[in-house]
Amino acid sequence: MLKRPYFLFMSLISLLLLTVSSSVQAEESSGGIDAVVNEIFGHATGWFVSLIFAPFPGTSFPWIVLWLVTGASIFTLYFGFLQFRGVGHSIALVKGDYSDPNDAGEVSHFQALATALSGTVGLGNIAGVAVAVSIGGPGATFWMILAGLMGMASKFTECTLGVKYRNEYKDGSVSGGPMYYISKGFKERGIPGGRFLAGLFAVFCILGSLGGGNMFQANQAHAQLTQVIGNYPGWITGVIFAALVFIVIVGGIKSIARVTDKIVPFMGILYVGSAIVILIVNADKIGWAFSQIFAGAFTGLGVAGGMVGALIQGFKRAAFSNEAGVGSAAIAHSAVQTNEPVTEGFVSLLEPFIDTVVICTMTALVIIITGQLLQNPETGMYILNEAGTAIKTADGSSGVALTSAAFASAFSWFPILLAVAVILFAFSTMLSWSYYGLKAWTYLFGEGKRAELTFKTLFCVFVIIGAAANLGPVIDFSDAAIFAMAVANIIGLYFLMPVVKKELTSYQKRLKSGEIVKYKDRKKAKKA
Amino acid sequence: MSATIIVGVDGSEAGNRALAYAKRLATLIGSECKLELVCVVEWSPYTFQTPEENSHRKKQKQIETQNAQERVIDPALAALKEAGIAASGVVKFGKASSILNNIAVEHNAEQIVVARSTEQGLSARVFGSVTANLVMSANVPVTVVS
């Protein structure tokens, strides 16, 4: 298929590896492997991170955050606040009320939602939220919830398009996602540049799958392991994880993936259950926690950057956690069995709600309520660390360790459970993202064993780099790569949202007229 | 007036016993009787799958349908045709007990013939076996062949 981009991409990777190997030789004497990897990684990705998070001139507000929020707000208004009006119908679809059991056997709405959720619920909800509240204060939670609610409209738009423009091959397999709806949708509407934009998305999706979908996961899994079993070099965790991922995605040992995918939902339920217990035990502090969240949202309560600082952190973490507007969910949802693309849009809008509004908020509340963030009792302002970049925490921890400490203050055994949950979440997210990245890779370079093996090997190499590097550079690159996907995706959504509107109007009309009814009503009507 | 008997088949020895019994019933009733063979592939819309499994699910369903058709339904239909018994067959996905009952209601069937299920273990104890569920929820008479 597209041979030239393949060679260009491979040349870029080779150049990067050459730079890495020469730097390794130069720096081997100055420190361990982890230090070398960290140094090189920071240098290699710094320009990309700076570009994506460049602030508006004269402000500290990154343009990319506004880009996502503007997109979500426009979709919310364009579809008339559908995320609030359509939740009941979404739940009915997930329950299977509109599905004919005689046609069962393919991917149900529930399965598509559960698969997409297993790719998003994970470290973003545990470590990401901890980062957001430690930098942006409790107020970040308010902006995170708001971004989650708005993001439901973005998810609705992209997942409807994902199903509408998916590729269904003769052998019965399905491929979908932004690269397909951008190229096919633009062509259908006579808009130029579709192939270029789709290609750009695919490149960013590959970077996103290597960053947020891979390195961030490996990095935080290692951080959690060191909390439980003591300090040891990150590359060891990296090699073990890379080997496990390799045997699943290259070796085709599906049983490991199946076991993980069956345990992960229960881990999620256990995590939320533990958070609920902590909240019930501290029920008297919930009112205070919400007052901190509201006050912090509009004043900052002393955090770096004040209200804007809280807002940026909240929006950033919500987007990173639920991926609304990023386009990854459209790849996961596109395999569903339906003749009405808009039904999957309805189902997908539940995803940011479960992920951000429920799970992320619970993590934030537990951190706030258990008193992990140090506050000046006289002024009520939060105390910043020496560098003035984040709030001082009770035991000086950050990221996943902060969440672990918050839960451990109520249940001493929780760090062990969290370590297992983090490892499983990380592993299942990696498997999901290896698939998203692979779809983008095969879109660019064509289907084929060689192209697939190249990507899968590259994916495993990045697992090791992610586990060995420090949290700072990895989090920056992961955020940048994920947000870069949203650049191409949201441009595509703006041009294609009239298509979604047409689908929605037609669907709602038929729903109202009784042409589309629940299965049990259809059965009753048939009998009568 | 014709009589339709629904037969649950799965290619196992127990399924074959159910089929043999239904065949005997059809012979006794005569040419008015038609057998409807149903092979149910157990499937739940509420399981958790990987994105890769989802993307190949349609293909997988086609393979499973073809396998059931070729290995279970077609040989049984050929044997029934040879014996001069009118029959047709279908492969369905879902919960066996409710699918067998739905098809029976749809065809206005006289009865459902199934073999005693051999399910054991925790899930059968908690949720009940296919046979037990069918006997409890069916809208038509059920014959369980031991």
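1. Two residues are taken to be in contact if their C-beta atoms, placed from the backbone, lie within 7 Å. On that basis, residues 24 or more positions apart account for 80% of the contacts in chain A that have a separation of 6 or more. Please keep in mind throughout that this is a predicted model.

2. As for its overall make-up, chain A has 22 helices and two strands. Its radius of gyration is 23 Å, close to the 24 Å that the globule rule gives for 528 residues, so chain A is as compact as a globular protein of that length. The C-alpha trace of chain A spans about 70 × 60 × 50 Å along its principal axes, and 54% of the 528 residues of the chain count as buried.

3. Where the chains meet, 28 residues of chain A are in contact with 23 residues of chain B. On the chain A side, the elements that give two or more residues are α6 (109-120), β2 (174-175), α12 (254-281) and α19 (414-445) of chain A. The element that gives the most is α6(A), with six residues. Sorted by class, this side of chain A has 13 nonpolar, eleven polar and four charged residues.

4. Chain B holds an open sheet of five strands, in the order β3-β2-β1-β4-β5 (chain B), with parallel pairing. Its edge strands are β3 (86-94) and β5 of chain B, each of which pairs on one side only. On average, and with direction ignored, neighbouring strands of this sheet are turned by 20° against each other.

5. Within that sheet, the surroundings of β4(B) can be followed in some detail. β1(B) and β4(B) pair in the parallel sense over three bridges, and the bridge partner of Ile5(B) in β4(B) is Gln111(B). On to β5(B), which runs parallel to β4(B), there are four bridges; Val114(B) has Val144(B) as its bridge partner in β5(B), while Val113(B) stands opposite Thr143(B) in that strand. Four of the five residues of β4(B) are buried, so this strand is largely enclosed by the rest of the structure.

6. Helix α6(B) lies across β4 and β5 of chain B and runs at about 160° to β5(B).

7. Which residues of helix α6 (residues 130-137) of chain B are buried? They are Val130(B), Thr131(B) and Leu134(B). Seen down the axis of α6(B), the buried residues fall within an arc of 95°, so they line one face of the helix. These residues pack against α4 (96-106), β4 (111-115) and β5 (142-145) of chain B.

8. A last point concerns a single charged residue, Glu52(B), which lies in helix α2 (residues 51-55) of chain B. Is Glu52(B) buried or exposed? With 22 other C-beta atoms within 10 Å, Glu52(B) is buried, the cut-off for that being 20 or more. Glu52(B) and Phe93(B) are 41 residues apart in sequence, and their C-alpha atoms are 20 Å apart in space.

Key. Residues are numbered from 1 along each chain as its sequence is written. Chains are lettered from A and ligands numbered from 1 in the order in which they are written. This is a predicted model: local features need pLDDT of at least 70, side-chain atom pairs count only at pLDDT 80 or more; totals for chains, interfaces and linings use all residues. The radius of gyration is taken over C-alpha atoms; the globule rule is 2.2 Å times the number of residues to the power 0.38. A residue is buried if 20 or more other C-beta atoms lie within 10 Å of its own, exposed if 12 or fewer, and partly exposed in between; C-beta atoms are placed from the backbone. The arc is that of the directions from the helix axis to the C-beta atoms. Two strands pair if DSSP finds at least two bridges between them. Axes are lines fitted to C-alpha atoms, for helices over the stretch in contact, and angles run from 0 to 180 degrees between N-to-C directions.
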